[in-house]
Structure formats: structure tokens, C-alpha cells
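The following explanation leads the reader through a structure, from the confidence of the model to individual contacts. Please keep the coordinates at hand while reading.

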Amino acid sequence: MDKNKIWELCVKDLNHCLSEEEKKDFNKVNNISEFCSIQKQVKRIHQISSDTFLVKKVNKEGEWKKIVRQIRFDAKKTFILRFSKYAAIFIIALSIGIIIPKFYSHSSKVANKVEMNWGQMGKLVLSDGTHVWLNAGTTFEYPSSFDSGKRIVKLNGEAQFKVTKNKRKPFEVKTKSGIVRVYGTTFNISSYEDDSDMAVTLIEGKVTIEDLNGKKLAVLNPSDQFKINKSSLKKGLLQI
Amino acid sequence: MSLLKKIMDDTSWNKMKSGDKQAFRLIFDEYYSPLCLYANSFINDLDTAEDIVSDFFIKICEKRESIEIKFSVKQYFLFSVKNSVYSYLRSAANKITDIEPILKKIDNTPLEEYDLEKEEVLLQVDKLIEKLPEQRRKILKLSVFERKTYIEISEILGISVNTVNTQISRAYKFLRDNLDDYHLFLLFMYKKSK
């Protein structure tokens with residue numbers, strides 16, 4: 001098949017306009033050496049031209065005005081304001097933390113289990129205020145309250161966590177291939193049973209990853225991604 | 001991304017961190033529109049994309065003192081906006097019901113492979129598109145921007161599907177040849193090396 005024809009097919013494919021017969025042709029040219037480079041070019045041109053039309057619709061100045069109204073650039077003032085906000089939260093949390101356990105010292109410690117079917121996603125808020133977004137096909141176990149010295153949950157699948165800060169009670173996620181320990185942070189774990197890899201991506205804060213015997217495997221900083229192969233136990237750390 | 005660009009970004013970022021509003025504006029000018037297009041490439045809803053990116057700019061401004069950028073401003077921005085898109089899809093505000101294909105697309109688009117086109121570059125491309133014969137330009141716009149199928153376009157303009165096919169294919173080729181002349185797009189380098 002000549003280059004011209006491949007080019008035409010690639011353009012058509014990108015625009016979702018291939019007929020059944022052309023689809024067959026398209027699949028046939030897949031392995032021709034030039035195919036990849038042609039397809040890349042077509043994709044790039046498609047994106048650039050679509051962006052060119054779109055960029056004119058972006059209301060940059062209007063949004064800038066909106067943003068400026070909402071932000072402050074007086075560094076000192078914002079610092080004090082922000083600090084007082086945290087101080088207030090800290091004091092309230094501290095007093096609740098002292099008072100509540102006195103009343104509920106025998107609270108239940110039932111383990112809950114959530115299963116997400118394929119095509120289903122969900123969000124949970126745990127008793128400590130931690131937010132958990134569960135991806136499809138995920139099983140997640142957590143206690144109704146975290147009484148012991150650690151906050152332990154179990155995960156099989158993929159979830160994103162926004163962990164409430166608590167220096168004295170580390171938050172641990174147990175998976176088939178390791179334990180992720182954090183104190184207060186946002187991160188994503190992908191550890192499906194039938195996937196060969198487990199991947200942990202950190203969004204903010206700091207996490208440590210240990211194997212099932214408690215041996216430290218990695219310490220992540222924001223935008224680090226840690227991957228471990230379940231069978232070969234090959235590990236890797238990359239920045240994304 | 002060139003090293004120079006990275007150094008310029010880092011400088012603006014550090015200035016902004018220490019409270020320089022002018023530097024914030026520079027960063028905004030550079031990244032606002034491209035990031036909107038990036039978010040839009042997943043959700044295909046420009047208004048929402050703009051909201052997401054505006055919220056992101058407010059957030060980085062509020063938290064600027066505590067944000068440590070490891071590698072580059074661009075990567076940090078892409079990564080954050082990508083996460084905001086994730087959060088949006090999982091939030092109650094999301095109006096898209098079938099998010100699976102979008103999540104798949106996000107996962108299959110590695111950050112390093114996404115090219116953020118600068119606004120000036122796109123304006124140059126716009127001038128190039130203006131040079132196309134009127135009919136061809138119209139067809140390109142209907143296809144790329146309004147996402148009409150070849151059949152729909154042929155009905156709108158009263159021409160054959162075959163003509164639409166040829167015209168679009170030619171428009172793409174015209175862009176390829178001329179973008180190359182502009183030396184704007186590193187992608188086409190390997191074509192020369194062959």
C-alpha cells in the first residue's frame with residue numbers, strides 16, 4: 001500500500017470515519033514500518049489544529065480577573081491568616097480528641113468491607129476524616145473506628161487516599177505486595193490482584209513503602225511513582 | 001522542553017513564591033490556555049476545563065510557599081491538572097456518566113508525551129489554516145473542531161464523501177509540510193533523518 005493511502009486511512013481513523021472494509025485495511029497496515037511515524041504525524045496535526053480552533057474560545061482575561069479577585073499577594077498577612085486557621089483547627093481537634101474518647105472508650109471495632117464492581121466507582125470518608133476514592137474492581141476493608149495505635153486498612157485494587165494528618169497514628173494500607181505507611185498526605189495506589197505490578201503515586205506529603213515483612217522499600221516525595229512487580233519483586237522509582 | 005525555558009519558568013516561579021504578582025501573571029499567560037486545552041482533551045468540555053484550571057491557579061497561589069517543585073514547572077502543572085481532572089470526574093459536579101474511557105485515556109497519556117503548545121504557536125498555526133482554500137478550511141473546521149463525520153460534512157456542504165475525504169487528507173498534508181517549514185515541531189525531525 002502506498003504512503004498516500006496509509007495517510008488517508010490514519011486521518012480517517014482519527015476522525016472515526018473508517019468503513020468496515022477500511023478497518024480491515026487499517027489493521028493490515030499496522031505493522032508496516034512507516035505506519036507508526038505517519039500515524040504520529042497525523043495525530044499531532046489533529047491535536048494542533050483542534051487546539052488552534054479551541055484556543056480562541058478560551059476566556060483568558062475574564063478568568064484572570066476572577067482569579068485576581070480571589071487571591072492575595074501580601075505574603076505576611078496570608079501567613080498569619082493561614083496560621084491562625086490551622087491553630088484553630090488544631091485546638092478544636094485536640095479538644096475533641098480528648099473529650100470524645102472519654103465518652104466512647106468502648107466504641108465498636110467492626111471491620112467493614114466494600115466491593116466495587118467493574119464499571120463502578122465510589123468514595124468513602126473514614127472515621128478519622130480520611131477520604132478514599134475507590135476505582136472499579138476494588139475491594140477495600142476498614143474498621144468503623146481506629147482504636148489501636150495504627151490506622152490500618154486493606155486494599156485490593158486501586159484507590160486514591162487523602163489522609164487526615166495524625167503524627168501519632170500512622171495510616172497503613174496493606175496490599176498483597178506491601179504496606180504503604182503515611183501520616184497525612186494524598187496518594188494513589190494501584191494494586192489489582194491480577195495485575196503484575198503494584199504502583200504507588202504520591203501527590204502531596206510523604207509516604208514510606210514497606211514489604212510484607214516490614215522492610216523499608218522506598219520513601220516517596222510528591223510526584224514520585226513507585227512500582228513493584230509482584231512476582232519478580234523488581235522495584236522502580238520514577239518521577240512523573 | 002528547552003533548558004532555557006525551564007530556567008525561565010523556575011525564575012518566574014521563585015519570584016512568584018516570594019510574592020511577585022507580575023511573575024504570577026507571566027506564569028498564567030504562559031500556561032493558562034495550554035492547560036485548559038490539556039484538561040479539555042480529556043473531558044471535552046471547555047467551560048469545565050477552564051474552571052478546573054482557574055481553581056488550580058488559585059490553589060498554587062494560595063499554597064505557593066509550601067509547594068516544592070522537583071523537576072519542572074511544566075511537569076508539575078500537568079501532573080496537578082491531571083489530578084484535578086481525576087478529582088472532577090469522581091466528584092458530584094461531574095456530569096459525564098461514562099468516565100471509564102476517559103480514565104483510560106488519562107492513564108494512557110504519559111505526561112512526557114503530551115506537548116503543551118504555546119499560545120503564540122497556535123496563533124501561528126491559525127494563520128496557516130487561514131491560507132487553506134476556503135472550502136478545505138471549512139471542511140477541516142467541521143471535522144476537527146465540530147467533530148462532524150465525513151458523511152455529516154458531505155450533507156452539510158452538499159458534496160460527496162469522497163471529496164470530503166480528499167480535502168481533509170490534503171489539509172492535513174498542507175499543515176504537515178508547512179509546520180515543518182516553521183521549524184516549530186520537533187516531531188518532524190525524524191522524517192528528515194530518514
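Chain A averages a pLDDT of 80, with 88% of the residues scoring at least 70. Within chain A, the highest mean belongs to helix α4 (residues 60-70), at 90, and the lowest to α5(A), at 67. Where pLDDT is low, predicted coordinates should not be read in detail. Helix α5 of chain A spans residues 75-103 and contains A:I98. Together with A:F90, A:I91 and A:L94, A:I98 makes a nonpolar surface patch of about 420 Å².

Strand β6 (residues 171-175) of chain A is mostly covered, with 4 of its 5 residues buried. On one side of the description stands strand β5 (residues 151-162) of chain A, which pairs with β6(A) in the parallel sense over 4 bridges. In β6(A), A:K174 is the residue opposite A:K154. The other partner is strand β7 (residues 178-182) of chain A, which runs antiparallel to β6(A) and is joined to it by 5 bridges. These two strands, β6(A) and β7(A), form a hairpin with 2 residues between them. A:G178 in β7(A) stands opposite A:T175.

Further strands of chain A hold two buried residues. A:T186 is placed in strand β8 (residues 186-191) of chain A; its relative accessibility is 7%, so it counts as buried. Although A:T186 and A:L202 are 16 residues apart along the chain, their C-alpha atoms are separated by 6.4 Å. A:D224 is found in strand β12 (residues 224-229) of chain A and, at 6% relative accessibility, counts as buried. The side chain of A:D224 reaches the backbone nitrogen of A:N221 at 2.8 Å.

Chain B has another make-up, with 10 helices and 0 strands. Of its 194 residues, 48% are buried.

Charged pairs complete the picture. Side chains of opposite charge can pair when their charged atoms come close. Over all chains, a search of the whole structure finds 14 salt bridges. In one of them, the side chains of B:R25 and A:E61 meet at 2.8 Å, N to O. B:R25 lies in helix α2 (residues 21-43) of chain B and A:E61 in helix α4 of chain A, so this pair joins two chains. B:R25 is buried, with a relative accessible area of 17%, whereas A:E61 counts as partly exposed at 41% relative accessibility.

Within chain A, A:R181 forms a salt bridge with A:E210, and the closest N and O atoms are 2.9 Å apart. This pair links distant parts of the chain, since A:R181 is in strand β7 and A:E210 in strand β10 (residues 207-210), 29 residues apart. A:E210 is buried, with a relative accessible area of 8%.

Within chain B, the closest N and O atoms of the salt bridge between B:D177 and B:R176 are 3.1 Å apart. B:D177 counts as partly exposed at 37% relative accessibility, and B:R176 as buried at 17%. Elsewhere, salt bridges that share partners join A:K60, A:E61, B:R25 and B:D29 into one network.

Note on methods. Residues are numbered from 1 along each chain as its sequence is written. Chains are lettered from A and ligands numbered from 1 in the order in which they are written. Side-chain values use heavy atoms; hydrogens and water are left out. Patches are made of residues with over 30% relative accessible area and no salt bridge: like charges are joined within 9 Å, nonpolar side chains (Val, Leu, Ile, Met, Phe, Trp, Tyr) within 5 Å. Accessible areas come from the Shrake-Rupley method with a 1.4 Å probe; for residues, only the protein chains shown count as cover. A salt bridge is a side-chain nitrogen of Lys or Arg within 4 Å of a carboxyl oxygen of Asp or Glu. pLDDT is the predictor's confidence in each residue, from 0 to 100. Buried means under 20% relative accessible area, exposed over 50%, partly exposed in between (1.4 Å probe, protein chains only). Two strands pair if DSSP finds at least two bridges between them. A polar contact is a pair of N or O atoms within 3.5 Å; within protein, one must be able to donate a hydrogen and the other to accept it, and residues adjacent in sequence count only if both atoms are side-chain atoms.
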